[in-house]
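Biologist: Hi! Please walk me through this one in plain words, as I'm new to reading structures.

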Amino acid sequence: MWKTVVIFISALLAVEGTMVGGRTDIEINNEGVQNALNFAVAQHNRGNNDVFLSQVAKVVKAQVQVVSGLKYFITVQMQKTSCRKGRANEQCDILSKPANRPYRCTFIVWSRPWINDIRVVEEKCT
């Protein structure tokens, strides 16, 4: 419980001085951003028909918006890995084949840590 309160407070401190309800840039290594990103990537992998898992190759941008919770806007570059879906605890390397082109995804993740609720509200990949 206290850990979720600390995450929420640290995110609020990261947006101090900005307009309430407005988006602001946030550090990529922020614990709340990392939790949101990990959740979004797991949902992305569950929701596609690919045989291989994809992972983040590069974080392009991360923003947070204080709403009734925290809404994270995360843009990443994704690539397929050598790991097949369904295998646990495997080290996954990004495939280096020419056909494995990176693709860009923007995830919007809404988090309400005090009630242990997190969800991807929008995902756009191109």
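**Hairpin, sheet and disulfides**

Modeller: Let's start with a turn: N116 takes a positive phi near 55° in the hairpin of β4 and β5, where four residues lie between the strands. Helices (H or I, at least four residues) and strands (E, at least two) are DSSP runs, numbered from the N terminus. This is a predicted model, where local features need pLDDT of at least 70 and side-chain atom pairs count only at pLDDT 80 or more, while totals for chains, interfaces and linings use all residues. Residues are numbered from 1 along each chain as its sequence is written, and side-chain values use heavy atoms, with hydrogens and water left out.

Biologist: Thanks! How do β4 and β5 pair?

Modeller: β4 and β5 run antiparallel and share eight bridges. Two strands pair if DSSP finds at least two bridges between them. As one example, W110 stands opposite R119 in β5.

Biologist: And how do β3 and β4 pair?

Modeller: β3 and β4 are antiparallel too, with nine bridges. There, M78 has Y103 of β4 as its bridge partner.

Biologist: Is β4 mostly covered or mostly open?

Modeller: β4 is mostly covered, with eight of its 10 residues buried. Buried means under 20% relative accessible area, exposed over 50%, and partly exposed in between (1.4 Å probe, protein chains only).

Biologist: Let me zoom out. How many helices and strands are there?

Modeller: The protein has two helices and five strands. Going along the sequence, the order is α-β-α-β-β-β-β.

Biologist: What share of the residues is buried?

Modeller: Of the 126 residues, 36% are buried. The protein exposes about 7,900 Å², and carbon and sulfur atoms supply 52% of that area. Those areas come from the Shrake-Rupley method with a 1.4 Å probe, and for residues only the protein chains shown count as cover.

Biologist: Which residues touch the most other members of the largest nonpolar core?

Modeller: That core has 18 residues, and L37, Y72, I74, V76 and F107 touch the most other members. A nonpolar core is a set of buried Ala, Val, Leu, Ile, Met, Phe, Trp, Tyr and Cys residues joined through side-chain atoms within 4.5 Å. Two or more core residues come from each of α2 (31-47), β2 (52-67), β3 (69-84) and β4 (103-112). In soluble globular proteins, nonpolar side chains tend to be buried together.

Biologist: What does L37 touch, then?

Modeller: Setting aside residues up to four places away in sequence, L37 touches V56, V59, I74, V76 and F107. Contact here means heavy atoms within 4.5 Å. Across the protein, 59% of the contacts with a separation of 6 or more are between residues 24 or more positions apart.

Biologist: New topic: how many disulfides does the structure hold?

Modeller: The structure holds two disulfides, a disulfide being a pair of cysteine sulfur atoms within 2.5 Å. One joins C83 to C92, with 2.1 Å from S to S, and both of these cysteines are buried. The other joins C105 to C125 at 2.0 Å from S to S. C105 lies in strand β4 and C125 in strand β5 (residues 117-125), so this pair ties together parts that are 20 residues apart in sequence.

Biologist: Why is the C83 and C92 disulfide called left-handed?

Modeller: Its torsion about the S-S bond is about -110°, so the C83 and C92 disulfide is left-handed. For C105 and C125 the torsion is about 110°, so that disulfide is right-handed.

Biologist: Last one: where does K97 sit?

Modeller: K97 is in the loop between β3 and β4. It is exposed, with a relative accessible area of 59%.
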